[in-house]
Structure formats: structure tokens, C-alpha cells
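Here's a quick tour for anyone meeting this structure for the first time. Have a look at the sequence and the model, then read on.

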Amino acid sequence: MPKLSLTKRNIDRLPFSEFGQTDYFDNELKGLVLRVGQESKTFFVVVDMMDPLTRKYKKASAKIGRYGEIPPEQTRRTAPEIMQRLCAGKPAEEEAPPTLRDLYHLYVKHKGLKHTTEAGYRVHINWRVR
């Protein structure tokens, strides 16, 4: 369990893992973790939460985002609210997962299908996706 101050400078110095993954815990914010893999560096939040049914503690984690897409400063600002949601037993993100209808419409829109193929899909699939 290596600990490190998760700043841009320190993260840039970390080499990618040759095998598996290495987790680096933040010195300043308890629960903030940087997971360094073979190809990416990703921010996570890990908290101990009480399971309301069993009344026992368990670990809950949520991905915040990849390093490079999200800077460490922004990660430090968003991590506490994600930790609070996890401790309360709520999902890390407030967004609802996409429905089958949403995925179907995205697929048809971005795939660039021929008219006959799209008509065939509508005949066979659209009755389920309304």
C-alpha cells in the first residue's frame, strides 16, 4: 500500500506497471486512490461502508476517471461527494443507466445502416423497443 501525494508532478513520475496493477493511496485525502496499470492511470475512491442488511462493514469503490482526462485537483474536489454517496449506500453516479431503447437508437443513428437493413431491424426489434 504505497502512499503518495497525488499531484500532477508525482503522477507523471510514476512508471506504468509491467504486470498487474499498483494502487497508490493519497496522503491528503483518505480514500482517494490512483491505480496504475500497464496502459493507464485511473482515479478511484474506496470507502468502508456499513451494509444495512448485515450490519457489517464492507469496502465500496467507484471509478472517478482516468488521469489525463481529469486533473488531480478536480479529482480532489469531486471525491468527497462520491464518498458520501457511497457511504449512504447510494450509487456513485446520479445518472440512470441507458435503456435498451436508448442503445438501439444510438446504434441505428451512428452505424450508418442501409435503408433495407434499418427497416428489417425496425420490423424485428422495434416492437420490443418503444
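What share of the contacts with a separation of 6 or more in the protein chain comes from residues 24 or more positions apart? They account for 36%, where contact means heavy atoms within 4.5 Å.

Some ground rules: this is a predicted model, where local features need pLDDT of at least 70, side-chain atom pairs count only at pLDDT 80 or more, and totals for chains, interfaces and linings use all residues. Residues are numbered from 1 along each chain as its sequence is written, and side-chain values use heavy atoms, with hydrogens and water left out.

The protein chain has four helices and five strands, running β-α-β-β-β-β-α-α-α along the sequence. Helices (H or I, at least four residues) and strands (E, at least two) are DSSP runs, numbered from the N terminus. The C-alpha trace spans about 60 × 40 × 30 Å along its principal axes. Of the 130 residues, 32% count as buried.

Buried means under 20% relative accessible area, exposed over 50%, and partly exposed in between (1.4 Å probe, protein chains only).

Leaving aside neighbours within four places in sequence, Ser40 touches Phe16, Arg35 and Arg66. Arg55 has a positive phi, near 60 degrees, and is not a glycine. Most residues other than glycine have a negative phi.
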